[in-house]
Amino acid sequence: MKRRFIFTFLFILICPFYAGAAQEVTIVYQNDLHAWVFPCSTQMGMAGMARRIEPIFKKNPNAFYTMAGDLFTGPILPDNLKGTGALGIWNRFWKAMAHQGFGQRVLISAGNHEFDYGVPEPVSFSSGLLCANLLDRENHPYYTPFKVVKTATGLRVGFIGLLLNKDHRVQKAISKKELRLISPLNAVNRFVPKMGPLDLTVLMVHDDLRNILTLAGRLSPELGVDLILSGHDHVILDPPLEQKHVFIFQAGAMNRYYGILRVRVDNGKVIGMENRMLENIPSPLDRATLRLKEVSDGMKGKEVAILKRSLLGVCTRGRENSLGDFVTDAFRRATRSAVAMTNSGSLRREMWAFPGEARTLREGDFKNMTPFQNHLVVGTVTGAQIRAILEGDAVHFVNQVSGITYSMDADRPEGNRVLEIKIGERPLVADKAYTLTHNSYCARPENMRTYLHLKPGSIQWKKTPLLDYEALIQYARHLKVIDYPSEGAGRIKRLP
């Protein structure tokens, strides 16, 4: 087994890609496409991605493309195309690459949303689906646990797929087929040694970053894991995270970004690394063509509002963002509550506007922002409960807010991390009752601790007939022109 990574990240960034026996591996990586695999005027689809990576593959026989989970569940689609539509495009993408001899170097691992419509059959992915920790009754992997690719230059590069093991939707789906998930660490310890000696060892892990960092910290150096290509949190890791000399990468979400990672390897050791993050935007010609198509498509739906500045937030889940500000303002207006919140993870589609160009939004755009169609729920909470929610968010940020301004310092002692809380223009009163609007998914008893940092049953919720996206459409019609600061309105201030 190999042993490597004795350099700091700064050195890796500036380490020259010198000539010699060393070879270069290039990995184009994405994650969390969430069915945004078709082109629009603000981003390219999988056909555009194929055109981008084909020259890289032709130039470098050690080039790979990876997608670290969550191919499914995104735009509003007919029931018969949910899951199957994105899978069909993925299979065609893979076959187009395979036709040129690149198929072995195009890999996808399982994400939790692959199980939204049941358990996909292993053969349904033409490329195969990497997942080492989903086992059948005989303790065998249900999907392909790993893949070792020997390139034309003789390099042996190994990839292993790992899926988070505590998602209740996944558990419900796999239980029907008598499958079970083991911990990612157990799977790594079981299957990485089976890959044999490698020049580069890559984990494709779809899980919360906190869990991935814990996993990286517990890996035995003897396993020789070099890189983790991650998904699930929808964040852009540039520069990557590092834990015990294992580097962790992630490229946003919704096919908006992709990363290009160049790794220099020599005799089973990583001696240099360079990472670039790129936007997956169309060429001027493609953009003009697709804008015309969108105008045509838009004639089939109703115009709702004009967007002046981009609503962003899908890739900035860990802080206040303009998409969250807009959505929670819509929730609060719809229910006339004092405060509104929603979890950052429910915000699934950013609305991009090019500088100086207002964009018309239609009803379907708002359905895509919050596609899970949760009902709005209203509960009565005390000021002390609001403080507890925000205290939890200071450690593990979850909630976008409306009607609240506050500052936080995660380094302060527990119970004192949140400062200067105001409801509207007035300071929070601990024993005062306030109305709080949230979405019905987060309000479920089994989700209260995760999303609100409160005990199950500590809030009595009243379910409204209004769906989340309906509130957005109503609010957008009220505004007529949506103009939020793209970086957020400053409702949440982080100290120091």
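Reader: Is E420 buried or exposed?

Author: This is a predicted model, so read each value as computed from it. Exposed means over 50% relative accessible area. E420 has 64%, so E420 counts as exposed.

Reader: Where does E420 lie, and what is its phi?

Author: E420 lies in strand β20, residues 418–423. Its phi is near 50 degrees, a positive value in a residue other than glycine.

Reader: Which loop holds H234?

Author: H234 is in the loop between β9 and β10. Phi of H234 is positive too, near 60 degrees, and H234 is not a glycine.

Reader: Is H234 buried or exposed?

Author: Buried means under 20% relative accessible area. H234 has 1%, so H234 is buried. E420, by contrast, is exposed at 64%.

Reader: Now peptide bonds. What is omega for the bond from D238 to P239?

Author: From D238 to P239 omega is near 10 degrees, and the bond is cis. P239 sits in the loop between β9 (227–231) and β10 (241–243). H234 is placed in the loop between β9 and β10 as well.

Reader: How far is P239 from M277 in space?

Author: Compare two separations here, one along the chain and one through space. P239 and M277 are 38 residues apart in sequence. Their C-alpha atoms are 9.2 Å apart.

Reader: What is the peptide bond from L495 to P496?

Author: That bond is cis, with omega near 0 degrees. P496 is found in the segment after β25, which covers 492–494.

Reader: On to strands. How many residues of β12 are buried?

Author: Ask two things of a strand: how covered, and paired with what. Strand β12 runs over residues 257–266. Eight of its ten residues are buried, so β12 counts as mostly covered.

Reader: What does β12 pair with, and in which sense?

Author: Take the partners one at a time. Strand β1, residues 23–30, pairs with β12 in the antiparallel sense over seven bridges. V28 has I260 in β12 as its bridge partner. Strand β13, residues 269–279, also runs antiparallel to β12, and ten bridges join the two.

Reader: How many residues lie between β12 and β13?

Author: Two residues separate these strands, which form a hairpin. N267 is in the turn and has a positive phi of about 55 degrees.

Reader: Which strands pair with β6?

Author: Read the sense of each pairing separately. Strand β5, residues 146–150, pairs with β6 in the antiparallel sense over five bridges. F146 stands opposite I160 in β6. Strand β8, residues 200–206, pairs with β6 in the parallel sense over seven bridges. F159 stands opposite V202 in β8.

Reader: How much of β6 is buried?

Author: Strand β6 covers residues 156–163, and seven of its eight residues are buried.

Reader: Which residue takes a positive phi in the hairpin of β5 and β6?

Author: G154 does, with phi near 95 degrees. This hairpin has five residues between its strands.

Reader: Step back. How many helices and strands does the protein have?

Author: Count the elements, then check the overall dimensions. The protein has twelve helices and 25 strands. Its radius of gyration is 23 Å, close to the 23 Å that the globule rule gives for 496 residues, so the protein is as compact as a globular protein of that length. The C-alpha trace spans about 70 × 55 × 50 Å along its principal axes.

Reader: What share of the residues is buried?

Author: Buried residues make up 57% of the 496. The protein exposes about 21,200 Å². Carbon and sulfur atoms supply 53% of that area.

Reader: What share of the contacts join residues at least 24 apart?

Author: Set aside pairs close in sequence. Among contacts between residues at least 6 apart, 74% join residues at least 24 apart.

Terms used. Residues are numbered from 1 along each chain as its sequence is written. This is a predicted model: local features need pLDDT of at least 70, side-chain atom pairs count only at pLDDT 80 or more; totals for chains, interfaces and linings use all residues. Side-chain values use heavy atoms; hydrogens and water are left out. Helices (H or I, at least four residues) and strands (E, at least two) are DSSP runs, numbered from the N terminus. The radius of gyration is taken over C-alpha atoms; the globule rule is 2.2 Å times the number of residues to the power 0.38. Buried means under 20% relative accessible area, exposed over 50%, partly exposed in between (1.4 Å probe, protein chains only). Contact means heavy atoms within 4.5 Å. Accessible areas come from the Shrake-Rupley method with a 1.4 Å probe; for residues, only the protein chains shown count as cover. Two strands pair if DSSP finds at least two bridges between them.
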